[in-house]
Structures are given as C-alpha cells and as structure tokens.
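Work through these exercises with the structure in view. Try each task before you read its solution.

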Amino acid sequence: MTASLDHGAHMRAAMAEAERARGKTGDNPWVGCVIVDARGRVVARGQTQGPGEDHAEIGALHEAAEHGALDATVTLYSTLEPCSFHGRTPACSRVIIDRGVRRVVTGMRDPNPRVDGEGARILRDAGVEVLEGVCEAEVRRQLGSWVLAYHPHEPLRRARAMASTMQRAELAAALASLYAIHAAAAARIVSALDATSP
Ligand SMILES: [Zn+2]
C-alpha cells in the first residue's frame with residue numbers, strides 16, 4: 001500500500017461524493033468513490049446513480065480513463081465494498097480488475113448477503129491490494145438508514161451481539177448512534193431482537 005497517501009482524508013472525500021447522491025439512488029446505497037494518483041491528487045470522482053445505472057466506482061473509473069489518469073499507480077477509494085455479482089450492472093470488483101487498478105481502499109463491507117466480503121475476496125484473488133475499514137464507523141452512520149431499510153439483518157445481528165452486555169434502553173441508544181437512525185427505529189430493532197431471541 002502506498003504509505004504516503006492519507007487514507008482518512010481520501011475516504012472523507014469519497015464520503016463527500018456519497019453525500020451528493022443521498023436520496024437519488026433508489027434502492028441502491030448512496031456510495032462515493034475517488035481515484036487518487038501516486039502523489040495523492042484526486043484524479044476522478046464518482047457517485048452511485050439510480051437503479052441499473054453506474055455505481056460510484058464505475059463513474060470514477062470512466063472519468064479517470066477520460067482524463068488519461070488511469071494506470072497501475074492509482075488507488076481507488078470507495079465508501080462501500082465493491083460489488084461482487086453481475087446484477088442490473090456488471091460487478092464493480094471485476095471492472096476494477098479489468099481496468100488495471102492495483103490498490104483499493106474501502107470504508108464498510110457491503111451487508112448485502114450476496115457480497116459481504118466477496119467483493120474484497122475477488123479483488124485480492126486477482127492480486128489487488130485491499131485495505132478495508134477506513135473511516136468505517138463514519139461510513140456506517142452515513143449509510144445507516146439504507147442498511148436499516150434494505151439489510152436489517154445486519155443491525156439485528158450487531159444488536160444480538162451487544163445485547164448480552166447492555167440494558168435494552170442502552171442498546172437502543174447505542175444502535176441509534178452507530179447507524180445514525182432515529183431512536184424509534186433503534187427501539188424497533190431491539191423489539192425485533194426480543195421477538196426472535198431463543
Ligand atoms: Zn458495484
């Protein structure tokens with residue numbers, strides 16, 4: 001990994017791109033991406049678009065290629081793990097490999113059970129360096145309402161793990177903070193936990 005790059009600063013730049021997409025992505029997560037050259041300059045940006053349209057990584061790869069700035073020395077930062085399967089669009093992890101990117105930094109694993117680490121694995125299997133979990137807590141808060149809406153098993157699983165050491169009210173407050181969701185939504189997760197506990 002290029003030691004001189006400021007991963008936190010570049011991930012926050014990717015988060016700023018993601019914020020521009022919030023509310024415009026349909027059921028897609030609002031993800032942001034920046035591509036940075038070896039000297040730490042941002043050469044391209046992308047945001048996830050609506051259903052069936054480009055994910056953030058693809059937009060950024062196109063822009064970098066248009067500028068003649070896409071080569072093996074760049075680092076791609078994405079707030080969410082690149083997807084691993086060809087759904088409405090080709091798998092971003094495959095496209096990243098095909099475009100010759102050799103380093104990827106991600107914020108949060110994709111909680112979609114069809115991805116959940118598979119995107120990172122595909123990249124690593126192709127020899128791409130992958131650094132996961134940069135600004136993860138901030139990215140989880142940025143994407144919290146999407147996670148809750150489309151992948152509620154993830155906060156439920158986390159709540160179950162935390163429940164043994166926390167009172168219910170404390171647990172709801174912790175979930176509200178972790179996912180930046182309303183207290184009532186967090187309380188519903190705790191209720192679901194009680195309903196599904198053995
Ligand atoms: Zn994707």
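Two residues are in contact if their C-beta atoms, placed from the backbone, lie within 7 Å. Keep that cut-off at hand. Note too that this is a predicted model.

**Exercise 1. Find the contacts of leucine 76, leaving aside its neighbours within four places in sequence.**

Solution. 
- Step 1. Apply the 7 Å cut-off to the C-beta atoms.
- Step 2. Skip the neighbours within four places in sequence; leucine 76 then contacts Cys33, Ile35, Glu57, Ala60, Ile96, Val101 and Val104.
- Step 3. Turn to the largest nonpolar core, which has 48 residues. Cys33, Ile35, Ala60, Leu76 and Tyr77 touch the most other members.

**Exercise 2. Check the length of helix α1 (residues 7-21).**

Solution. 
- Step 1. The helix has 15 residues, and the rule is 1.5 Å a residue.
- Step 2. The expected span takes one less than the number of residues. That gives 21 Å.
- Step 3. The end C-alpha atoms of α1 are 21 Å apart, so the model agrees with the rule.

**Exercise 3. Which residues of α1 are buried, and what covers them?**

Solution. 
- Step 1. A residue is buried if 20 or more other C-beta atoms lie within 10 Å of its own. In α1 the buried residues are His10, Met11, Ala14, Met15, Glu17, Ala18 and Ala21.
- Step 2. They cover an arc of only 160° around the axis, so they sit on the same side of α1.
- Step 3. An α-helix has 3.6 residues a turn, so residues three or four places apart point the same way.
- Step 4. Gly8 and Arg20, on the other side of α1, are exposed.
- Step 5. The cover over the buried residues includes β1 (32-36), β2 (42-47), α2 (56-66), β3 (75-80), β4 (103-108) and α5 (136-142).
- Step 6. Just after α1 comes glycine 23, with a positive phi of about 85°.

**Exercise 4. Describe how β1 and β2 pair.**

Solution. 
- Step 1. The two strands run antiparallel, joined by five bridges.
- Step 2. Isoleucine 35 has alanine 44 in β2 as its bridge partner.
- Step 3. Five residues lie between β1 and β2, which form a hairpin. In the turn, glycine 40 has a positive phi of about 90°.

Notes:
Residues are numbered from 1 along each chain as its sequence is written. This is a predicted model: local features need pLDDT of at least 70, side-chain atom pairs count only at pLDDT 80 or more; totals for chains, interfaces and linings use all residues. A nonpolar core is a set of buried Ala, Val, Leu, Ile, Met, Phe, Trp, Tyr and Cys residues joined through C-beta atoms within 7 Å. A residue is buried if 20 or more other C-beta atoms lie within 10 Å of its own, exposed if 12 or fewer, and partly exposed in between; C-beta atoms are placed from the backbone. Helices (H or I, at least four residues) and strands (E, at least two) are DSSP runs, numbered from the N terminus. The arc is that of the directions from the helix axis to the C-beta atoms. Two strands pair if DSSP finds at least two bridges between them.
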